[in-house]
Amino acid sequence: MKKVMMTLLMVAAFSMNGFAQRGMQGVGLDFPFGTGCGNAWYRIGIKYQYNFSNYVRIEPTFFYSPIKKEDANEPYMLFGPMLNLHLFFEPPMPIRPYFIVGTGLVWWEITKDMTKRVYNDEELFMTPDAGLGVDFRLSHRCSMQVEAVALYRILNDSNYMENGKVTFNGKVGFTVNF
């Protein structure tokens, strides 16, 4: 019985290091959602994560978002990159909170009649964001992120949305690490 207990204690002690993240990379999917533009919206994103240390992670994402314009009930799709920095409060463990700061750009849209438009510098849709998240380590290679974020919209197209509007949004993400 002593050997079994000692073996279990050793396995538990060694598995604690299994959550170390420095240098770990991952790819995954993001599912942000929220309100804004007068209606609810959602996005689907493909993300990459790189952990600079056990406390700092960078997360670039490329997203797709179907959305409706306020002024003309015409659906269209938005594409663009986002970049977030995650600052963890605690050392690596199965569940740990983090602070998020980042920004996103929308630079390409496709309208209902499939015409494409690339935004020029004066029409850029920029969304700096900040918020809190929790990283749930499902295993050494898989994790889930749940985030609550405030977005501040900066844009020059006043027909689309009010400039400087703040919205609160959520996000669920899944990552496979390698």
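Which residue of strand 11 is the bridge partner of Asp 129? The bridge partner of Asp 129 in strand 11 is Leu 151.

Good morning. The model before you is predicted: local features require pLDDT of at least 70, and side-chain atom pairs count only at pLDDT 80 or more, whereas totals for chains, interfaces and linings use all residues. Residues are numbered from 1 along each chain as its sequence is written, and side-chain values use heavy atoms, with hydrogens and water left out.

Let me begin with the chain as a whole. The chain contains 1 helix and 12 strands; these are DSSP runs, numbered from the N terminus, with helices (H or I) of at least four residues and strands (E) of at least two. From the N terminus on, the order is α-β-β-β-β-β-β-β-β-β-β-β-β. Of its 178 residues, 37% count as buried, where buried means under 20% relative accessible area, exposed over 50%, and partly exposed in between, with a 1.4 Å probe and protein chains only. Among contacts (heavy atoms within 4.5 Å) between residues at least 6 apart in sequence, 56% join residues at least 24 apart.

Strand 10, residues 129-137, and strand 11, residues 142-152, run antiparallel and are joined by 9 bridges; two strands pair if DSSP finds at least two bridges between them. A hairpin connects strand 10 to strand 11 through 4 residues. Besides the pairing of Asp 129 with Leu 151, Leu 132 has Ala 148 as its bridge partner. On its other pairing, strand 11 meets strand 12, residues 166-177, in the antiparallel sense over 11 bridges, and Met 144 stands opposite Phe 174 of strand 12.

In a regular strand the side chains alternate between the two faces of the sheet.

Which residues make up the largest nonpolar core? They are Trp 41, Phe 88, Tyr 98, Ile 100, Val 149 and Leu 151, 6 residues in all. Ile 100 is in contact, beyond its neighbours within four places in sequence, with residues including Leu 132 and Val 149.

The charged end of Arg 96 sits over the ring of Phe 88, 3.6 Å from its centre, and Arg 57 lies over the face of Tyr 98, at 5.4 Å from the ring centre. The rule requires NZ of Lys or CZ of Arg within 6 Å of the ring centre and within 35 degrees of the ring normal.

Finally, consider Lys 47, in strand 3, residues 44-51. Is Lys 47 buried or exposed? Lys 47 has a relative accessible area of 2%, and therefore counts as buried. Its side chain makes a polar contact of 3.0 Å with that of Asp 30; a polar contact is a pair of N or O atoms within 3.5 Å, and within protein one must be able to donate a hydrogen and the other to accept it, while residues adjacent in sequence count only if both atoms are side-chain atoms. Thank you.

Key: Core = buried A, V, L, I, M, F, W, Y, C linked by side-chain atoms within 4.5 Å.
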